[in-house]
Amino acid sequence: TTVLLARLLSLRAALAGVLVAVVMGAAQARLGARVGVLRKRTAARSEQRVARTKEALVAIKSIKALGWEDRAAGALRALRAAEAASVLRSQAIKAVLSSLFFATTSAAAFAMFATHRASGRTLRLVDVYPALALLQVVRQSVGKQFSRACESAPECHVTVRRLQRFLELPEVEAARGDDADADGGGHGGEAGRGAGGEHGSG
């Protein structure tokens, strides 16, 4: 793309346009990393809110008996507000990412054509439209795909790590089943010994 733009306009103009596109792509990468941090923070706050809600439901009789309904509801509302604020920040960054994507072509075109004119050359209509088309190619490759990767990759990484931690937890149900089998075997042995003792007495 840079070579084609240099053949249409000039090397300086092509480098200026591509450099602006690359800089905006780097800004999108930086914001995408911030989205990953906010996603992790939102997940932690969601887990905290769910845990507090579970505790409140388990102890609902004590809460009602002591008249702590307003205090418990206020604590849950505060946790929910913190979670919503984190989600709002994440959506705001995603909106900025989309704005950078749509502004990439305009900013790169302005830098490229301004550099071309500053070099003392004239702009011809037969060169402007092909140059804009090539910038669209740069936007689709560097802007759209790279922006989507910067936005989705951190969220995917956080989600996979959470799933991995969940799958690596000990199997509580299996342990309970083993304990139940052991208890059953113990009761069975005691019953057998009791029955044997009765037969022996007979």
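The axes of helix H2 (residues 11-58) and helix H4 (residues 69-118) come within 9 Å and cross at roughly 175°. Axes here are lines fitted to C-alpha atoms, for helices over the stretch in contact, with angles running from 0 to 180 degrees between N-to-C directions. That crossing makes H2 roughly antiparallel to H4, a label for angles over 145 degrees. Where the two helices meet, the residues of the contact split into 24 nonpolar, 12 polar and 10 charged; Ala, Val, Leu, Ile, Met, Phe, Trp, Tyr, Cys and Pro count as nonpolar, Asp, Glu, Lys and Arg as charged, and the others, Gly among them, as polar.

This is a predicted model, with local features needing pLDDT of at least 70, side-chain atom pairs counted only at pLDDT 80 or more, and totals for chains, interfaces and linings using all residues. Residues are numbered from 1 along each chain as its sequence is written, and side-chain values use heavy atoms, with hydrogens and water left out.

Zooming out, the chain has 6 helices and 0 strands (DSSP runs of H or I, at least four residues, and of E, at least two, numbered from the N terminus). Of its 202 residues, 25% are buried (under 20% relative accessible area, 1.4 Å probe, protein chains only; exposed is over 50%, partly exposed in between). Among contacts (heavy atoms within 4.5 Å) between residues at least 6 apart in sequence, 84% join residues at least 24 apart.

Back in helix H4 sits phenylalanine 110, which counts as exposed at 65% relative accessibility. Its C-alpha atom is 9.9 Å from that of alanine 13, 97 residues away along the chain.

Technical notes. Angles under 35 degrees count as roughly parallel, over 145 as roughly antiparallel, 65 to 115 as roughly perpendicular and the rest as oblique.
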